[in-house]
Amino acid sequence: MTTTDTHAQQLAGLDALELGTGHRAGLASRLWAGLWPIATAVLIVLAVWQAVVWAGWWPEYVFAGPVTTLAELGHRLGDPEFYTALTVTMRRAVTGFALAIAAGLVVGALVSRIGPLRRATGSLITGLQTMPSIAWFPLAILLFGLSESAILFVVVLGAAPSIANGLITGVDYTPPILLRAGHMLGFRRIALYRHVILPASLPSFLAGLKQGWAFAWRSLMAGELLVIIANQASLGEQLHYARELADSPGLLATMIVILVIGIVVDRVFGLADGALRRRWGLHQVSA
């Protein structure tokens, strides 16, 4: 037997060993493994919540208990107006986030590849990222009045810097050998970005998207609380009126909905990150 055949057998044995240890668990086991930590966390939160109510630090009408709040949440889930408000909020979120992605891509691509522009505006982008979104609303209201444009303006300003910084960081960490290979293949400018730089910077860009969504969601909630538009129900508007009417169960029920939406979107980004890791061979093989 030749040395080449021996090496081939050894590699085949290693592949078989890796495949044998990396078998997938059953569907029920995977569902249980994913659900029990969430269920445990929910039970702990409900227990602490009820304990605080029983402690009597605030009256029931100020801080409603979980039973009252969940009953109100169930009532709202059967109310068509709730879904109208949810639709308006999600439309604003998707529109603002899409505009932020477009702006972040353009700014990040220009700043990462043009040295003088980066030296002039690199710190400005980071400064915009750290600036509280609510500080933009006085200017937004002056520019656009109490309108949806004012809300979208702040959502874009809140999310775009994080997205741009994610792309810039990804470009900075693109291996030079990939850039040289792209040049050897004849890629220039847009083609180089499309086929080499963007795929290589995808992990950092995905992290920037996730952070950008967090800023966009918080900016949107602040905007809907401050900018009340007539005949346009939204989750922020429901929070506003629940506070004005001292409707503690309604206030907490709406907050739960906002929290659940944030968790669901985070899970979507987690699935995208997991798919990217598997595609790049970075997932951990279970023992």
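This briefing describes the fold, the packing and some side-chain contacts of one protein. The structure is a predicted model. The protein has twelve helices and zero strands. Of its 287 residues, 33% are buried.

**Overall build**

- Read from the N terminus, the order of elements is α-α-α-α-α-α-α-α-α-α-α-α.
- Among contacts in the protein with a separation of 6 or more, 72% are between residues 24 or more positions apart.

**The largest nonpolar core**

- The largest nonpolar core contains 42 residues.
- Within this core, the residues with the most contacts are Phe97, Leu209, Trp213, Trp217, Leu220 and Phe269.
- Two or more residues each are given to the core by H4, helix H6 (137-144), H7, helix H9 (190-200), H10, H11 and H12.
- H7 supplies the largest share of the core, namely ten residues.
- Leu209 touches Phe97, Ile101, Ile163 and Phe269, leaving aside residues up to four places away in sequence.

**How H10 and H12 pack**

- Two packed helices are described by the angle between their axes and the distance between the axes.
- For H10 and H12, the axes come within 11 Å and cross at roughly 170 degrees.
- An angle over 145 degrees counts as roughly antiparallel, and H10 and H12 are therefore roughly antiparallel to each other.
- On the H10 side, the contact is made by Leu202, Pro203, Leu206, Leu209, Lys210, Trp213, Trp217 and Met221.
- On the H12 side, the contact is made by Ile258, Ile261, Gly262, Val265, Asp266, Phe269, Ala272, Asp273 and Leu276.

- The side chains of Lys210 and Asp266 form a salt bridge, with a distance of 3.2 Å from N to O.
- Lys210 is in helix H10 (residues 202-226) and Asp266 is in helix H12 (residues 248-279), so this pair links distant parts of the chain, 56 residues apart.
- Lys210 is partly exposed, at 38% relative accessibility.
- Asp266 is also partly exposed, at 36% relative accessibility.

**Salt bridges around Glu148**

- The whole structure holds seven salt bridges.
- One of them joins the side chains of Arg91 and Glu148, at 2.6 Å from N to O.
- Arg91 is partly exposed, with 38% relative accessibility.
- Glu148 is buried at 17%, because the cut-off for buried is under 20% relative accessible area.
- Arg92 is buried as well, with a relative accessible area of 1%.
- Through salt bridges that share partners, Arg91, Arg92, Glu148 and Glu224 are joined into one network.

**Ser234, in a loop**

- Ser234 sits in the loop between H10 and helix H11 (235-244).
- Its relative accessible area is 2%, so Ser234 is buried.
- A polar atom of the Ser234 side chain lies 3.1 Å from the backbone nitrogen of Glu237.
- Leaving aside residues up to four places away in sequence, Ser234 touches Ala85, Val88, Thr89, Arg92 and Glu224.

**Thr69, in a helix**

- Thr69 is part of helix H3 (residues 66-77).
- Thr69 is buried, and its relative accessible area is 0%.
- Which residues does Thr69 touch, not counting residues up to four places away in sequence?
- The residues are Trp49, Ala64, Pro249, Leu252, Ala253 and Ile256.

Note on methods
Residues are numbered from 1 along each chain as its sequence is written. This is a predicted model: local features need pLDDT of at least 70, side-chain atom pairs count only at pLDDT 80 or more; totals for chains, interfaces and linings use all residues. Side-chain values use heavy atoms; hydrogens and water are left out. A salt bridge is a side-chain nitrogen of Lys or Arg within 4 Å of a carboxyl oxygen of Asp or Glu. Buried means under 20% relative accessible area, exposed over 50%, partly exposed in between (1.4 Å probe, protein chains only). Helices (H or I, at least four residues) and strands (E, at least two) are DSSP runs, numbered from the N terminus. A polar contact is a pair of N or O atoms within 3.5 Å; within protein, one must be able to donate a hydrogen and the other to accept it, and residues adjacent in sequence count only if both atoms are side-chain atoms. Contact means heavy atoms within 4.5 Å. A nonpolar core is a set of buried Ala, Val, Leu, Ile, Met, Phe, Trp, Tyr and Cys residues joined through side-chain atoms within 4.5 Å. Axes are lines fitted to C-alpha atoms, for helices over the stretch in contact, and angles run from 0 to 180 degrees between N-to-C directions. Angles under 35 degrees count as roughly parallel, over 145 as roughly antiparallel, 65 to 115 as roughly perpendicular and the rest as oblique.
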